[in-house]
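Q: Hi! Could you walk me through this structure, a bit at a time?

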Amino acid sequence: MPQGSSQPAAGRPHRVVVIVDENSNPFELGCAIEVFGLPRPELGRDLYDFRLCSPEPRTLMRDGFFTLTGVADLAAADEADTLIVPNRPDVDVPRRPALLAAVRRARDRGARLVGFCSGAFTLAEAGVLDGRRATAHWRWADTFRGRFPAVRLETDVLFVDDGDILTAAGSAAALDLGLYVVRRDHGAEIANAVSRRLVFAGHRDGGQRQFVERPVPRVADASLAPLLAWAREHLDAPLTVSGLAARATVSPATLHRRFRTQLGTTPLAWLTGERLALACRLIERGEPRLDVVARKCGLGTAANLRALMRRETGLTPSAYRRRFGPPTAPRPAA
């Protein structure tokens with residue numbers, strides 16, 4: 001769990017509470033439910049205790065699509081270990097004072113705060129983002145900077161993890177951030193299981209560029225799926241961009257273009273991410289030898305593995321093993 005976030009009470013899962021306000025977006029609400037709220041029988045346990053709350057008994061969702069009823073009142077926000085704030089398209093309309101007060105109380109008691117898309121406006125209006133890093137949708141970047149100059153806004157990323165406050169740039173990035181949170185809380189193996197159920201990419205780097213006014217190609221590129229599947233089975237091999245291009249029977253320049261178009265990243269960055277994800281899974285499964293982990297996932301040396309893990313997860317391999325690895329058997333008494 002990111003440093004600074006609150007710990008759940010013993011005997012219950014981490015509690016995620018989503019505040020739904022008038023004119024909230026249904027898509028981001030659905031993302032939160034899909035990632036944090038669904039039962040996980042395939043994992044044998046639920047990952048989170050999930051609740052919805054609202055300032056009013058009846059909440060009209062965006063553009064009057066439907067009315068939400070039957071959820072908890074705003075007091076439920078005071079029991080959250082992670083509080084996801086409402087996002088709305090009407091960014092110039094002030095949020096309710098009671099809602100902003102609930103966000104501040106959550107911050108004061110150490111809860112983790114999450115904003116999806118325009119949810120950054122809610123966090124900033126509550127005053128919890130001053131001096132902090134955050135992101136928001138590129139469409140509202142100038143508006144955000146004009147209203148909240150004390151916030152260190154980063155507009156060219158998918159999401160920002162600033163410790164106990166995390167923000168996602170847009171609607172689809174809400175899924176990226178949600179899976180990232182699951183990965184930080186429960187490890188790569190569990191996050192991959194959740195992403196498989198979503199049929200969604202298990203990990204896109206938060207530093208990846210937002211897709212700003214990208215033209216739709218006239219003819220869709222050939223799918224990368226066969227190449228990606230093959231590469232995942234050969235991560236221990238010395239894969240190169242030129243070798244992948246040759247296997248796909250295209251030039252390296254064409255391969256770069258297809259990765260950018262379909263995945264929003266480069267072949268080398270994708271390979272590194274897949275290798276690191278495999279390294280995390282091997283550590284979670286109990287492999288204690290870092291040189292073996294590095295060799296099996298194609299990262300070369302234990303030193304390279306350590307550097308990448310610290311950069312991407314914020315944890316050393318030993319710290320990652322303590323958090324997500326199998327429990328260590330107690331030593332027998334002497």
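This is a predicted model: local features need pLDDT of at least 70, side-chain atom pairs count only at pLDDT 80 or more; totals for chains, interfaces and linings use all residues.

Q: Great, sheet to start. How many strands form it, and in what order?
A: The open sheet has 6 strands, ordered β2-β1-β5-β6-β10-β9, and their pairing is mixed.

Q: And which strands stand at the edges?
A: Those are β2 (48–53) and β9 (159–161). Each has a single partner strand, so one side of each lacks a neighbour in the sheet.

Q: What does the twist average?
A: From one strand to the next, the twist averages 15°.

Q: In what sense do β1 and β5 pair, parallel or antiparallel?
A: Parallel, over 3 bridges, with β1 covering residues 14–19 and β5 covering residues 82–85. To find the spot on screen, look for Val17, which stands opposite Leu83 in β5.

Q: Which strands does helix α1 touch?
A: Helix α1 (residues 26–37) packs on the sheet and touches β1, β2, β5 and β6 (112–116). The direction of α1 makes about 155° with that of β2.

Q: And α2, where does that helix lie?
A: Across β1, β5 and β6; helix α2 (residues 97–108) runs at about 150° to β5.

Q: Switching to α12: how many residues does this helix have, and how far does it reach?
A: Helix α12 (residues 302–313) has 12 residues and reaches 16 Å from its first C-alpha to its last. That is close to the 16 Å expected at 1.5 Å a residue.

Q: Which of the residues in α12 are buried?
A: Ala302, Leu305, Leu308, Met309 and Thr313. Seen down the axis of α12, these buried residues fall within an arc of 125°, so they line one face of the helix.

Q: Why would residues spaced like that point the same way?
A: An α-helix has 3.6 residues a turn, so residues three or four places apart point the same way.

Q: Got it. What covers the buried residues of α12, and what sits on the face turned away?
A: The cover includes α5 (171–186), α10 (267–284), α11 (290–297) and α13 (317–324). The face turned away from the buried side carries the exposed residues Ala303, Arg310 and Arg311. Just after α12, Gly314 takes a positive phi of about 80°.

Q: Now α9: which residues are buried there?
A: In α9 the buried residues are Thr254, Leu255, Arg258 and Phe259. They fall within an arc of 135° seen down the axis of α9, so they line one face of the helix.

Q: What do they pack against?
A: The buried residues of α9 pack against α7 (225–232), α8 (241–247) and α10. Just after α9 comes Gly264, with a positive phi of about 70°.

Q: Last topic, rings. How many aromatic pairs are there?
A: The count comes to 7 aromatic pairs. One of them is Phe121 with Phe148, an edge-to-face pair at 6.1 Å centre to centre and 75° between the planes.

Q: Where do Phe121 and Phe148 sit in the chain?
A: Phe121 is in helix α3 (residues 119–125), while Phe148 is in the loop between α4 (141–147) and β8 (152–153). The two are 27 residues apart, so to speak a link between distant parts of the chain, and both are buried.

Q: Why is the Phe144 and Phe148 pair called tilted?
A: Their ring centres are 5.1 Å apart and their planes are at 55°, so the pair is tilted. Phe144 and Phe148 are both buried.

Q: And which residues form the aromatic cluster?
A: Phe121, Trp140, Phe144 and Phe148 form one cluster.

Key: Residues are numbered from 1 along each chain as its sequence is written. Side-chain values use heavy atoms; hydrogens and water are left out. Helices (H or I, at least four residues) and strands (E, at least two) are DSSP runs, numbered from the N terminus. The expected span of a helix is 1.5 Å times one less than its number of residues. Buried means under 20% relative accessible area, exposed over 50%, partly exposed in between (1.4 Å probe, protein chains only). The arc is that of the directions from the helix axis to the C-beta atoms. Contact means heavy atoms within 4.5 Å. Rings of Phe, Tyr and Trp (its six-membered ring) pair if their centres lie within 6.5 Å; planes under 30 degrees apart count as stacked, over 60 as edge-to-face and the rest as tilted. Two strands pair if DSSP finds at least two bridges between them. Axes are lines fitted to C-alpha atoms, for helices over the stretch in contact, and angles run from 0 to 180 degrees between N-to-C directions.
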